[in-house]
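Trainee: Before I use any labels for this model, I would like to see where they come from. Can we go through them one at a time?
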Amino acid sequence: MTHSHDDDTLKKGSISLGGAVGMGTGVMIGAGIFALTGQIAQLAGPYFALSFVLGAIITSFSAYSYIKMSNTWPSSGGIAMILQKAYGPGAIAAAAALLMTLSMVISESLVARTFATYVLRPFDISGGPLVPVLAVGVILFAFLVNISGNRSVGLLSIIMAIVKIGGIALFGIVALWSGGFSFPDASSSDGGFDVTGFIASVALSILAFKGFTTITNSGGEITDPHRNVGRTIMISITICVVVYLLVALAVGSNLTIDQIVAAKDYSLAEAASPALGQFGFYFTVVLAAVATASGVLASVFAVSRMLAMLTEMKMIPHSHFGMSGPIRSHTLVYTVVLASTLAVFFDLSRIASLGAFFYLIMDMLVHLGVFRHLRHEIGANGAIILMALAFDATVLVAFTWMKLGSDPMIVLYAAVGIMAVFTYERIYLSRWTA
C-alpha cells in the first residue's frame, strides 16, 4: 500500500464514530429514499414499506462478513482487501472489486438523475434533454469539490447528513400526521400480493442500504476500528431503516399505490403536496436536491478512492491518457465520465436495475470467498454467511425473473457487463485466483 500521495487523506483515526455514521447514512439516504421509493412500490404494491424492513434484515446479514473482515484487518482497502484476502490477487477478486466500483458509479448516476428529476419538478418538466444535462452538471460539481481536497468533503458530508436526515424525518412525521396514519389501498391495477414482485422489490431495497460498504472502505481511518467499524455499520443501517419506514408510511398515507407509481421518480414531492400544500412540495424538492447532491459528492469521493486503490493493488491497468498529477485525480476523471455517460443514456429504473445486478453478484462473491477461505481465521459463523448468500441468491433470482418479464434488455446489458468485467480481468491478470 503506498502512502505517498494520500498522506493527508489516509490518516489513521481521522474519522470519528459520528463522522463515519454521517458518511454511511449520507451515502445511503441520498440514493435510497428519493430514487427508489417509487420503484419499490411499483414492485411490492401495498406492502412496499415492508420491503425496506426486509432489505435492512438482509443487509444486516450481508454486513456480517464485512464487519468480521474489517474487525480483523481494518484497512482502507475495504472490499478490494476482503476480496484479495479471499481469492488472492487474481481475476476473481479484481473483477468482483470492479463490479463493486461500477455499482458505486451506477448509484452515482442514479442519484444524479434523481437530483435532476426533483429540481425540474417545480417547472413541470419530467423528461427531455434537461434531465441528463442537470444530472451531468451535479456530477461535475461533485468532481470540483472532490478535487479541492479531503477536509471539505468530510465536513460537508456531516453537515449535509444532519440537514438531510432531519429534513426527511420532519417530512415523514408531518406527512404521516396529516395523512392520518392510514396505509395505502391496494390499487385497482393489481388486485393482490405478488410474492415474486415483493421479493424482487427487495433487490432495490438492498440498494438503498448498500452505502454501508462505504464504511468498510474507510475502515483504516475510523478511530478504534476493531470496535467502531461494526458499530458504525449497524448504527447506520438502523438510522436508515427508521427514516425509510417513516417516509414509506408517509408517502403511503398520502398517495395510492397508483399515484406513487405514476410519480415514481419524484414520489416524495408528490406526497408532500396533499400533506403540506405548495410549501411542502418546494420543501421536499429542496431537500431532495440537497440530499442527492450530497449523495453524489460522497459517492464520487468513494469511487475515485476505490479505483485508486485497485490501481495501486495492480488489480486494474492504469493509463494516464496524457494527464498529469496523482492517480487519485485521474480516477476521479474516469468516475465522472462513466457516471455522466450512464446518466445520459439510461433512465432511473434501468440505472437502478443495473446497480442491483452488479451489487448482488459482488456481494455473493464476497460471502462465498469469506465462507470458503477465511471464516475460521476471522472467527465467523458459517451459518450466518450461508444465510446471507441464500438471501442474496433468492432476491437475485426473483429480480431477474421480474425484469425478464418487464425489461429483458436490462438483464442482457447486466449479463454482458458482468461477463465483460470478468473476461477483461482474466485477460489482464492471466489467472483466476492465486
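Mentor: Start with patches: they are made of residues with over 30% relative accessible area and no salt bridge, where like charges are joined within 9 Å and nonpolar side chains (Val, Leu, Ile, Met, Phe, Trp, Tyr) within 5 Å. A salt bridge is a side-chain nitrogen of Lys or Arg within 4 Å of a carboxyl oxygen of Asp or Glu. Areas come from the Shrake-Rupley method with a 1.4 Å probe, and for residues only the protein chains shown count as cover. This is a predicted model, where local features need pLDDT of at least 70, side-chain atom pairs count only at pLDDT 80 or more, and totals for chains, interfaces and linings use all residues. Residues are numbered from 1 along each chain as its sequence is written, and side-chain values use heavy atoms, leaving out hydrogens and water.

Trainee: Which residues form the nonpolar patch on the surface?

Mentor: Met 409, Leu 412, Tyr 413 and Val 416, with about 360 Å² of accessible area together.

Trainee: Why is Met 409 called partly exposed?

Mentor: Buried means under 20% relative accessible area, exposed over 50%, and partly exposed in between. Met 409 has 38%, so the label is partly exposed.

Trainee: What makes Lys 314 exposed?

Mentor: The relative accessible area of Lys 314 is 58%, so Lys 314 counts as exposed. Its phi is near 60 degrees, a positive value in a residue other than glycine.

Trainee: And why is Ser 430 called exposed?

Mentor: Ser 430 has a relative accessible area of 53%, therefore exposed. The phi of Ser 430 is also positive, near 50 degrees.

How values were computed. Buried < 20%, exposed > 50% of the residue type's maximum accessible area, 1.4 Å probe, protein only.
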